[in-house]
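Dear colleague,

I am handing over the structure that we spoke about, and I have written down below what I found in it. Please keep it open beside this message while you read, and look up each residue as it comes.

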Amino acid sequence: MQALCAALVSMDAPPSIQEVKGFAERVRLTTNLFLDDDVPDSLRSLATQLDQWAEALPSVTMVFDGLRQRHIA
């Protein structure tokens with residue numbers, strides 16, 4: 001996750017939207033295992049936060065693209 005976040009703001013070779021969507025999908029598939037009611041609240045709460053972050057990630061990728069373009073200009 002740290003590598004992807006760093007790549008999103010990198011000027012060198014930012015990830016494509018397809019790469020970000022694929023990453024977010026894999027994260028959401030994994031966090032889904034911890035969202036059931038039989039999982040302790042402490043784990044379920046963290047998994048919910050991570051799932052929400054991964055859900056929003058593809059849409060905010062465009063914001064990073066815009067910031068990169070403004071920095072280049």
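The largest nonpolar core has 8 residues in all, namely Leu 4, Leu 8, Val 20, Phe 23, Ala 24, Val 27, Ala 54 and Leu 57. A nonpolar core here is a set of buried Ala, Val, Leu, Ile, Met, Phe, Trp, Tyr and Cys residues joined through side-chain atoms within 4.5 Å, where buried means under 20% relative accessible area, exposed means over 50%, and partly exposed lies in between (1.4 Å probe, protein chains only). Helix 1 (2-8), helix 2 and helix 3 each supply at least two residues of this core, and the largest share, 4 residues, comes from helix 2. The helices are DSSP runs of H or I with at least four residues, numbered from the N terminus. In soluble globular proteins, nonpolar side chains tend to be buried together.

Before going further, please note that this is a predicted model, in which local features need pLDDT of at least 70 and side-chain atom pairs count only at pLDDT 80 or more, while totals for chains, interfaces and linings use all residues. Residues are numbered from 1 along each chain as its sequence is written, and side-chain values use heavy atoms, with hydrogens and water left out.

Thr 61 is found in helix 3, and it counts as buried because its relative accessibility is 2%. With neighbours within four places in sequence again left aside, Thr 61 is in contact with Leu 8, Ile 17 and Val 20. The side chain of Thr 61 also reaches the backbone oxygen of Leu 57, at 2.9 Å.

Which residues does Leu 50 contact, once its neighbours within four places in sequence are left aside? They are Met 1, Val 27 and Thr 31. Leu 50 has its place in helix 3 and counts as partly exposed, because its relative accessibility is 27%. Although Leu 50 and Val 27 are 23 residues apart in sequence, they are 7.9 Å apart in space, C-alpha to C-alpha.

Next come the charged pairs. If a salt bridge is taken as a side-chain nitrogen of Lys or Arg within 4 Å of a carboxyl oxygen of Asp or Glu, the count comes to 2 salt bridges. In one of them Asp 51 is paired with Arg 28, and the closest N and O atoms are 2.9 Å apart. This pair links distant parts of the chain, since Asp 51 lies in helix 3 and Arg 28 in helix 2, 23 residues apart. Asp 51 is buried because its relative accessible area is 10%, whereas Arg 28 counts as partly exposed at 32% relative accessibility. Leaving aside neighbours within four places in sequence, Asp 51 is in contact with Arg 28, Thr 31 and Leu 35.

Arg 44 forms a salt bridge with Asp 41, and here the closest N and O atoms are 2.1 Å apart. Both of these residues lie in helix 3 (residues 41-72), and they are 3 residues apart, about one turn of the helix. Arg 44 counts as buried because its relative accessibility is 19%, while Asp 41 is exposed, with a relative accessible area of 53%.

Ala 7 lies in helix 1 and is partly exposed, with a relative accessible area of 22%; apart from its neighbours within four places in sequence, Ala 7 is in contact with Pro 14, Pro 15 and Arg 68. Ser 16 lies in the loop between helix 1 and helix 2 and counts as partly exposed, at 28% relative accessibility. Ser 16 and Pro 58 are 42 residues apart in sequence, and their C-alpha atoms are 10.0 Å apart in space.

Finally, please look at Leu 33, which lies in the loop between helix 2 (17-31) and helix 3 and is exposed, because its relative accessible area is 61%.

With best wishes

Methods: Contact means heavy atoms within 4.5 Å. A polar contact is a pair of N or O atoms within 3.5 Å; within protein, one must be able to donate a hydrogen and the other to accept it, and residues adjacent in sequence count only if both atoms are side-chain atoms.
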